[in-house]
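Please read it alongside the sequence and the structure shown here.

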Amino acid sequence: MNEKVAALLNDQINKEFYSAYLYLDIANFYTKKGLDGFANWYEVQAKEEQDHAMLMYRYLQNNGEEVTLEAIAKPDKNFETLMDPLKAGLEHEQYVTNLINTIYGAAQEVQDFRTTQFLDWFVKEQGEEEKNSMDQITKMKLFGDDARSLYMLNNELAARVYTTPSLVL
Ligand code: FEO
């Protein structure tokens with residue numbers, strides 16, 4: 001594998017684990033606020049991020065590349081309002097989309113079509129994750145100020161169940 005592509009993928013493992021950490025931090029915030037449904041949604045999201053990291057880890061290994069695990073940064077976002085984590089989540093997903101696109105571009109440049117094909121799943125996944133974040137922001141704007149509506153929204157998010165990713169290596 002091209003050295004730059006392998007290094008970017010290796011770095012992305014760390015970024016995905018950081019995402020898991022960030023979402024766990026968000027879940028922790030909502031737990032403290034008594035919103036167990038929101039907390040559940042973000043705990044499930046944290047598990048999905050670990051899956052993303054593991055897919056890249058396994059992909060590198062399967063292609064004979066060395067995996068190097070680096071320290072995971074501390075989540076350092078400050079949340080005060082119930083909206084803050086949702087906005088931070090969207091911002092973070094947009095950042096991750098850019099990272100995935102950069103790896104995709106690097107793979108394309110060296111005609112590493114196996115990697116672009118592998119990354120296709122992530123490109124689609126990023127679209128879904130950005131949409132989820134935007135939907136949550138919209139709902140919070142609409143219903144967040146009304147206690148009864150917030151209670152229902154919390155119940156809706158409590159229903160999310162973790163499933164293993166559709167991409168299996
Ligand atoms: Fe692994 Fe939320 O992207």
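This is a predicted model: local features need pLDDT of at least 70, side-chain atom pairs count only at pLDDT 80 or more; totals for chains, interfaces and linings use all residues.

- Helices are DSSP runs (H or I, at least four residues), numbered from the N terminus.
- Glutamine 111 sits in the loop between helix H3 (84-109) and helix H4 (113-143).
- Although glutamine 111 is not a glycine, its phi is positive, at about 55 degrees.
- Glutamine 111 is exposed, with a relative accessible area of 60%; exposed means over 50%, buried under 20% and partly exposed in between, with a 1.4 Å probe and protein chains only.

**Nonpolar cores**

- A nonpolar core is a set of buried Ala, Val, Leu, Ile, Met, Phe, Trp, Tyr and Cys residues joined through side-chain atoms within 4.5 Å.
- The largest nonpolar core has 24 residues, of which Ile26, Tyr30, Phe38, Tyr42, Phe79, Leu86 and Met140 touch the most other members.
- Helix H1 (3-32), H2, H3, H4 and H5 each supply at least two residues of this core, and H1 gives the largest share, with eight.
- Another core, of 20 residues, lies apart from it and includes Val5, Leu60, Leu119 and Trp121.

**Selected residues**

- Threonine 115 is in helix H4 and counts as buried, at 0% relative accessibility.
- Beyond residues up to four places away in sequence, threonine 115 touches Met1, Val5, Leu9, Tyr59 and Ala107, where contact means heavy atoms within 4.5 Å.
- Tyrosine 162 belongs to the segment after H5 and is partly exposed, with a relative accessible area of 28%.
- Tyrosine 162 and alanine 46 are 116 residues apart in sequence, with their C-alpha atoms 9.9 Å apart in space.
- Leaving aside neighbours within four places in sequence, tyrosine 162 is in contact with Val44, Lys47, Glu48 and Asp51.

**Pocket and cavity**

- On a 1 Å grid over the protein atoms alone, a cavity is a set of points where a 1.4 Å probe fits but cannot get out, a pocket is an open set with protein on both sides within 12 Å along at least five of seven lines, and lining residues have an atom within 4 Å of a point.
- The largest pocket holds about 400 Å³ of space, and of its 22 lining residues Glu48, Glu125, Glu128, Asn132 and Arg160 are the closest to its centre.
- Helix H2 (36-62), H4 and helix H5 (147-158) each supply at least two residues of the pocket lining, and H4 gives the most, with nine.
- The structure holds one cavity of 30 Å³ or more, and the largest cavity has about 60 Å³ of space.
- The lining of the largest cavity consists of Tyr23, Trp41, Tyr42, Gln45, Glu93, Glu129, Asn132, Ser133 and Gln136.
- H2 and H4 are the elements that give two or more residues to this cavity lining, and the largest share, four residues, comes from H4.

Definitions and conventions. Residues are numbered from 1 along each chain as its sequence is written. Side-chain values use heavy atoms; hydrogens and water are left out. Grid points are joined across faces, edges and corners, and a volume is the space filled by probe spheres set on the points.
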